[in-house]
Amino acid sequence: MKIHEYQAKEILERYGVRIQRGTVVENGPEVAQQVADAFDHWGGTAVVVKAQIHAGGRGKGGGVKFVTSKEAAIEAAQNMLGMTLVTHQTGPGGQLVRKIMVCEALDLAREIYVGIALDRQLGCPVLMVSAEGGVEIETIAEERPEALLKLPIDPLLGLQAHQARRAAFFLDLEGAQIKQAVAFLSSLAKAFLELDCEIAEINPLVVTDQGDIVALDAKINLDSNALFRHPTEAAMRDENEEDPKEVDASRFGLNYIALDGQIGCMVNGAGLAMATMDTIKVHGGSPANFLDVGGGATEEAITEALRIIFSDDQVRGILINIFGGIMKCDIIAKGVIGAARTIGIDRPLVVRLEGTNVEEGRRLLRESGLDITPATSLDEGARLICDAVAALA
Ligand code: GDP
Ligand code: MN
């Protein structure tokens, strides 16, 4: 689960990490007054107005403005709130700005990169630091890997003091900053491990003109499967920032991820869902989503799943691929028929059913009078739907 910068900063502050502080302002009639108050509160000479959306690269997209008067701060805030901010991480559609953060302005002597992420090859979290902050880490890793130091973190022991010192030396920090950096990195690692984070990235971490080490930006992604252990962080979820189809799906316990292809998929089992997406690719199509309806989906959940798939305008055809083990084929068939009757089938639909109660399931579909193309294997199903969609073009 992603959270906003201001929420990530709240968490880090709790862990004793020094952050660039700020005031959150939501869209509404009070904006001008709230921004004016925040301007005074943070020193009365300059502030940074920052759009709060679940995507990075805001600076380049016009979502971060350094202003030196109250009037300019209010103007920047009013322009930003309600705007659709497009960055390289939002996709071309952009993201609506509903909240901003009016931050204390800092004088930056240096910008540094610090991040902790799960390394799937090493099977543990890895601390990454680079003296080249503000730049995207993927670019540094690719073009100048020697500018990036990676240190694996033992999940039981946490980041060791000698590792934090090594990182500080690698960043060419000196004197009192080394001690500050060690404390900063240790707290960041502690937060990462205790809160089951997937990513905790500070880009940039800055050294101010006064010599302080401050997190100017903060990005934290939490492991959704571990949120039950962290109610405070779970409450930080902002459904406005998520794909509405995914929000709907999660209400019905459906494991759904929106993609940008044309063929909607409804499958039971994550492995079979992946195989279905691969097979669609093999036949020249592209999946519009990942959807695992699970082993025990009800007729209602099946109906909902189809409604979500059909609500996606990019979907030009649908493949249902069910191997009924725990899930029974007749339940699937009833769900499909129910959904088809209520929402109407206006696009090609191929159904491959196999397993428990398959004969009953096929009979229900056949006798439903609905325009459904049956398939007997995954390969045939994928080929049929790809051909049908290609024929539409
Ligand atoms: P992002 O573009 O979404 O990653 O947003 P950031 O929070 O990282 O801000 C983008 C850039 O704005 C930073 O890399 C800084 O260069 C600049 N910036 C943000 N706050 C300040 C500030 O207080 N002082 C100065 N001088 N620059 C700032
Ligand atoms: Mn940033």
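Start by colouring the chain by domain: domain 1 covers 21–104, domain 2 covers 108–234 and domain 3 covers 243–392. Those bounds come from an automatic or database domain assignment. Domain 1 and domain 3 have centres 42 Å apart, taken over C-alpha atoms.

A quick word before you click further: this is a predicted model, where local features need pLDDT of at least 70 and side-chain atom pairs count only at pLDDT 80 or more, while totals for chains, interfaces and linings use all residues. Residues are numbered from 1 along each chain as its sequence is written, chains are lettered from A and ligands numbered from 1 in the order in which they are written, and side-chain values use heavy atoms, with hydrogens and water left out.

**Stop 1: an open sheet**

Select β1 (22–26), β2 (47–51), β3 (64–67) and β6 (99–104). Helices (H or I, at least four residues) and strands (E, at least two) are DSSP runs, numbered from the N terminus. In what order do the four strands form the open sheet? They run β1-β6-β2-β3, with antiparallel pairing. Two strands pair if DSSP finds at least two bridges between them. At the edges stand β1 and β3, each with a single partner strand, so one side of each has no neighbour in the sheet. From one strand to the next, the twist averages 20 degrees.

Zoom in on β1 and β6, which pair in the antiparallel sense over five bridges. Here V24 sits opposite M101 in β6. Contact means heavy atoms within 4.5 Å; axes are lines fitted to C-alpha atoms, for helices over the stretch in contact, and angles run from 0 to 180 degrees between N-to-C directions. Then show helix α4 (70–80), lying across β2, β3 and β6 and running at about 5 degrees to β2.

**Stop 2: the second largest pocket**

Select G56, G57, N203, P204 and D217, the residues nearest the centre of the second largest pocket, which has a lining of 45 residues. A pocket is an open set of points on a 1 Å grid over the protein atoms alone, where a 1.4 Å probe fits, with protein on both sides within 12 Å along at least five of seven lines; lining residues have an atom within 4 Å of a point. This pocket holds about 1100 Å³ of space, a volume being the space filled by probe spheres set on the points, which are joined across faces, edges and corners.

Why does the second largest pocket lie between domain 1 and domain 2? Because both domains give residues to its lining. The biggest contributor is β7, with six residues.

While you're here, look at the peptide bond from N203 to P204: it is cis, with omega near 10 degrees. You'll find P204 in strand β10.

**Stop 3: the largest pocket**

Jump to E242, D243, E246, Y256 and I257, which lie nearest the centre of the largest pocket, lined by 38 residues. About 1300 Å³ of space lies inside. Helix α9 gives the largest share of this lining, five residues.

**Stop 4**

Most residues other than glycine have a negative phi, and most peptide bonds are trans. Select D196, whose phi is positive, near 55 degrees, in the loop between α7 (176–194) and β10. Finish at N357, with a positive phi of about 60 degrees although it is not a glycine; N357 is in the loop between β17 (349–355) and α13 (358–367).
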